[in-house]
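Let's take a friendly walk through a protein structure. Have a look at it first, and then we will go through its parts together.

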Amino acid sequence: MRRTMTSTNARGLAAPQLGAPVRLFAVAAEKHNAPWFVVNPQICRASHAMVLDWESCLSVPDYVALVPRHRSVQVAFDTLEGKRVERTLTGYVVACPILTL
């Protein structure tokens with residue numbers, strides 16, 4: 001997943017996009033750090049407020065669309081080390097948990 005994200009300059013990538021039937025996604029960290037990984041995400045809460053943003057997808061090359069998303073989503077997930085954490089996601093990362101559910 002790291003290699004695909006680096007070679008395509010992807011901001012996020014879900015394992016099913018690569019043909020792996022697991023609930024896992026990676027998100028590009030800011031400032032060129034290694035991506036962080038989310039295993040078995042569970043959406044706990046989603047904001048009522050919605051935002052529109054332009055998005056593209058590696059699974060559908062050369063297509064960009066205006067997509068409505070929740071402004072924030074609270075997600076519980078496991079890290080690659082097996083630790084269960086809960087985090088509030090905002091921005092483009094909000095779309096990622098949906099890709100693995």
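## Some ground rules

A residue counts as buried when its relative accessible area is under 20%, as exposed when it is over 50%, and as partly exposed in between, using a 1.4 Å probe and protein chains only.

This is a predicted model, in which local features need pLDDT of at least 70 and side-chain atom pairs count only at pLDDT 80 or more, while totals for chains, interfaces and linings use all residues. Residues are numbered from 1 along each chain as its sequence is written, and side-chain values use heavy atoms, with hydrogens and water left out.

## The overall build

The protein chain holds 2 helices and 7 strands. Here helices (H or I, at least four residues) and strands (E, at least two) are DSSP runs, numbered from the N terminus. Read from that end, the order of elements is α-β-β-β-β-β-β-β-α.

Of the 101 residues in the protein chain, 32% are buried. Contact means heavy atoms within 4.5 Å. Among contacts in the protein chain with a separation of 6 or more, 43% are between residues 24 or more positions apart.

## The largest pocket

What is a pocket? On a 1 Å grid over the protein atoms alone, a cavity is a set of points where a 1.4 Å probe fits but cannot get out, whereas a pocket is an open set with protein on both sides within 12 Å along at least five of seven lines; lining residues have an atom within 4 Å of a point. Grid points are joined across faces, edges and corners, and a volume is the space filled by probe spheres set on the points.

The largest pocket has a volume of about 510 Å³. Its lining has 22 residues, and Gly 12, Glu 55, Ser 56, Cys 57 and Leu 58 lie nearest the centre. Strands E1 (12-14), E4 (50-57) and E5 (60-70), along with helix H2 (95-100), each supply at least two lining residues. The largest share, 6 residues, comes from E5.

## Two salt bridges

Side chains of opposite charge can pair when their charged atoms come close. A salt bridge is a side-chain nitrogen of Lys or Arg within 4 Å of a carboxyl oxygen of Asp or Glu. How many salt bridges does a search of the whole structure find? The search gives 2.

One joins Glu 55 to Arg 69, with the closest N and O atoms 3.1 Å apart. This pair links distant parts of the chain, with Glu 55 in strand E4 and Arg 69 in strand E5, 14 residues apart. Arg 69 is partly exposed, at 23% relative accessible area. Another joins Arg 84 to Asp 78, where the closest N and O atoms are 3.4 Å apart. Is Asp 78 buried or exposed? With 18% relative accessibility, Asp 78 is buried, while Arg 84 is partly exposed at 40%.

## Residues worth a second look

Most residues other than glycine have a negative phi. Asn 40, although not a glycine, has a positive phi of about 50°. Asn 40 sits in strand E3 (residues 36-46) and is partly exposed, at 34%. Asp 62 is not a glycine either, yet has a positive phi of about 65°. Asp 62 belongs to strand E5 and is exposed, at 85% relative accessibility.

Finally, find Thr 88 in strand E7 (residues 84-90). Thr 88 is exposed, at 51% relative accessibility. Leaving aside residues up to four places away in sequence, Thr 88 touches Ser 72, Val 73 and Gln 74.
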